[in-house]
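Here is my note on this entry. Please read it with the model open.

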Amino acid sequence: MEFIVEKELKEIVDEGAFGKNCNLVSFKLHNFNYMVRDKEWCYQQIYCGVTISDGSHHNIMIKLKNQDFGVRECFDIDILFHNESTFYEKILPFLLECRGPTVNDENALFVPRYFYGRHNCSELMPNDLIVIENVSILGYYLCNEKVFLDYDHLTIALQIIAKYHGLSYTAKHKDLGRFRDIIGCIKEVQFNGQLMSQNNLLKSFGQRGMKLLLERDGDRYRDHVHMRRLNELFDDAKNTMMQTLKVREPFSVICHLDYHRDTLMFQYDECGRPFDALTIDFTMPHYGSPALDLSSFLYTSTAQQMRESHWDDLLDIYCSTLAKCVPPGVRVPNRAEIDAEMAATAINGLAKAFTGVPYFLRSRTDELDMLMTSDDPMDYFLALGGDVATECLADTVQHLVDMGYTDV
């Protein structure tokens, strides 16, 4: 492994990733297995420190594609690597150029520094990689919470995604033509919604939560107008998911679309409270409603009690941060308009919760038991996370129905 890493690093340094006319002096492998969770299906990560001939030292993470061709094809890994490289090389520089320098750090958006990307997507695929900054060295860590986040973490995360969305509104305002060219570089992946429209997946996953909700409170929800509408949307899954992903002007932004606790890294004060965060894994960008990020993040990151107590507060935090982080004259959605966006697209976030929450709640024992006893992969996914996950999905369906988020 060390020989392969050294060979790659020499070539990367020679190509100017760390500065012109530089050479690799030395490197040291590190073990930072807490930076990224549950991404082994997509890529292998290697952490190391490198010293360059100009005297600089950099702590980096190298992402290598999963080498299994079947996995690579099934999960659109070539497209994921293309999108992440495109984000760092084209999208983010353009967005930051349009924003211009910030007066202070309050409206700044920090992301890992990007050094290098190679994505030939050919017979040279084993050599494809992405090199970014290892931000754990800077004090950024994944949240220790297994699934749901507390109010402090949620607040920071919503402020971060608002600042990110604000870059799109500013860029559209300043240079709409170039903005359209930039979003044309994005490649869609099946996880953006298309996958859930296949083989009745959306309805199968949805019924897991709906069935329990009806058992808990059938008198209230059996003939509920939004429950009936939700069933209709599940029955027409392909059109439903396509509608949520449509461009919705004037409020569409370059969404992260994989925004959850495993793509967020937090900084903590001496008392253990989060005070800043950054986003990683820009592999699934999509130009669409900001509510795609909001709904998927909130439905995969909040428990029912948090939603009942603070839903309005959380959306208000997003809206107020968004309004503050754009220059005067830039149009951004107000709270009423965000509510309308949620009503039209939140089922996409619900679909993410149907798969994400059980996955986050899974246990290694449950996984092994189900894999050994089930011949149908669907049985495995529908049982993932056990009764606790089913309760959480019923809670999420209940919230979406109570909010009337079925205006697709």
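1. Basis. This is a predicted model, in which local features need pLDDT of at least 70, side-chain atom pairs count only at pLDDT 80 or more, and totals for chains, interfaces and linings use all residues. Residues are numbered from 1 along each chain as its sequence is written, and side-chain values use heavy atoms, with hydrogens and water left out.

2. Sheet. An open sheet of 5 strands has the order S1-S2-S3-S5-S4, with antiparallel pairing. Strands are DSSP runs of E, at least two residues; helices are runs of H or I, at least four; both are numbered from the N terminus. Two strands pair if DSSP finds at least two bridges between them. S1 (24-30) and S4 (114-118) are the edge strands, each with a single partner, so one side of each lacks a neighbour in the sheet. The twist averages 25° from one strand to the next.

3. Inside the sheet. S1 and S2 (residues 43-52) run antiparallel and are joined by 6 bridges. Phenylalanine 27 has valine 50 of S2 as its bridge partner. H3 lies across S2, S3 (57-65), S4 and S5 (129-133), at about 150° to S3. Axes are lines fitted to C-alpha atoms, for helices over the stretch in contact; angles run from 0 to 180 degrees between N-to-C directions.

4. Cores. A nonpolar core is a set of buried Ala, Val, Leu, Ile, Met, Phe, Trp, Tyr and Cys residues joined through side-chain atoms within 4.5 Å. Buried means under 20% relative accessible area (1.4 Å probe, protein chains only). The largest core has 104 residues; Leu230, Ile254, Phe297 and Tyr405 have the most contacts inside it. H11 (residues 335-361) gives the largest share, 12 residues. A second, separate core of 20 residues includes Phe27 and Val50.

5. Helix pair. The axes of H4 (residues 151-174) and H10 (residues 304-324) come within 8 Å and cross at roughly 35°. Their contact residues divide into 11 nonpolar, 6 polar and 2 charged.

6. Proline 290. Where is proline 290 placed? It sits in the loop between S9 (286-288) and H9 (291-301). Proline 290 is buried, at 0% relative accessible area. Beyond four places in sequence, its contacts (heavy atoms within 4.5 Å) include His165, Tyr169 and Tyr318.

7. Aspartate 76. This residue lies in the loop between H2 (69-74) and H3 (77-99). Aspartate 76 is buried too, with a relative accessible area of 16%. Beyond four places in sequence, aspartate 76 touches Val189 and Gln190.

Definitions and conventions
Buried < 20%, exposed > 50% of the residue type's maximum accessible area, 1.4 Å probe, protein only. Nonpolar A, V, L, I, M, F, W, Y, C, P; charged D, E, K, R; others polar.
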